[in-house]
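Subject: A structure for you to look at

Dear colleague,

I am passing on the structure we talked about, and I would like you to have it open while you read the notes that follow.

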Amino acid sequence: MILLGALVNGIGVIIGTLLGSLLRRIPNSMKDAVMNIMGLAIVVLGIQMGLKTENFLIVIFSLAIGVVIGELLALEDKITTLGGWLEKKVGSSKQGSISKGFITGTLIFAVGAMGIIGALDSGIRANHDVLYTKTIIDTFVALILTTTLGIGVLFSAIPVILYEGLIAIFATQIERVIPHALMNQFIIEMTATGGIMITAIGLNLIGITKFKVANLLPGIIVILLLVSIMYGFKTHF
């Protein structure tokens, strides 16, 4: 089953969120400590991913162009509005917790090479081992995030399943259309750019910054375009 890995990953996020919701009665001081530690860990993870780039100019241009597009489209505001609507439906008592949990969870779980590589393995080789490993990690991360950001983390399971599922479904076509070298380059630069986004998330969790991280997401599409242009240039010249 091609979608098995993506479905298991989404279910892992849901299970982690539900377990985290049961542990939300821990003292606020402990929640703050967990929030800070999670933020620091996410910053380190983001930096580690960011250093994987082979061409930092691609990362810079992708983020710069992407954030301009994101600001023009007001993506963060739209996602926050969606979070507010979900909040009304589930009757959350903390204003903004749904949207913050949804945005943070989505970016942490969906951005990164592990999801892309795992989904490609699921689609091309019917091998779900990478996504199973990612599920274990995401389940624990969802548990911790939920204790600090609330039930909104649960809704991030939806884009995770859609994101990984679509890649798995079209993996065979992707392999036929996109050269292997180009796909590898895209994954490398996608990982680095995603790492900077994740670093911004960690800094937000600690409270140092207030980046509108969702507005950076168009940068992922810009990466694909820039990498494709550079690949074409190298191939023909």
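How many helices and how many strands does the secondary structure of the chain come to? Before the answer, please keep in mind that this is a predicted model, and that the values below were computed from it. The chain comes to eleven helices and zero strands, so that, read along the sequence, its pattern is α-α-α-α-α-α-α-α-α-α-α. The radius of gyration of the chain is 18 Å, which is close to the 18 Å given by the globule rule for 237 residues, and the chain is therefore as compact as a globular protein of that length. Taken along the principal axes, the box that the C-alpha atoms fill is roughly 60 × 40 × 30 Å.

Some totals for the chain come next. Of the 237 residues, 46% are buried, and among the contacts with a separation of 6 or more, 83% are between residues 24 or more positions apart. The chain exposes about 12100 Å², and 73% of this area is supplied by carbon and sulfur atoms. As for charge, there are 15 positive and 12 negative side chains, with the centres of the two sets lying 9 Å apart.

Is H128 buried or exposed? Its relative accessibility is 8%, and because buried means under 20%, H128 counts as buried. A polar atom of the H128 side chain lies 3.5 Å from the backbone nitrogen of G5. Leaving aside neighbours within four places in sequence, H128 is in contact with M1, I2, L4, G5 and S122.

Another part of the chain to look at is around N215, whose place is in the loop between α10 (180–206) and α11 (219–236). N215 is buried, its relative accessible area being 2%. Which side chain does the side chain of N215 join in a polar contact? That partner is E71, at 3.1 Å, while the side chain of N215 also reaches the backbone nitrogen of L75 at 3.2 Å. Apart from neighbours within four places in sequence, N215 is in contact with G66, V67, G70, E71, A74, L75 and E76.

A74 is found in the loop between α3 (56–73) and α4 (75–90), and it is partly exposed, with a relative accessible area of 22%. Although A74 is not a glycine, it has a positive phi of about 55°. Most residues other than glycine have a negative phi, which is the background against which to read this value.

Definitions and conventions
Residues numbered from 1 in each chain as written. Predicted model: local features only at pLDDT ≥ 70, side-chain atom pairs only at ≥ 80, totals over all residues. Heavy atoms only, no water. Helix = DSSP H or I, 4+ residues; strand = E, 2+ residues; numbered from the N terminus. Rg over C-alpha atoms; globule rule 2.2 N^0.38 Å. Buried < 20%, exposed > 50% of the residue type's maximum accessible area, 1.4 Å probe, protein only. Contact = heavy atoms within 4.5 Å. Areas by Shrake-Rupley, 256 points an atom, 1.4 Å probe, with all protein chains shown as cover. Lys, Arg positive; Asp, Glu negative; His and termini not counted. Charge placed at Lys NZ, Arg CZ, Asp CG, Glu CD. Polar contact = N/O pair within 3.5 Å; in protein donor to acceptor, adjacent residues only side chain to side chain.
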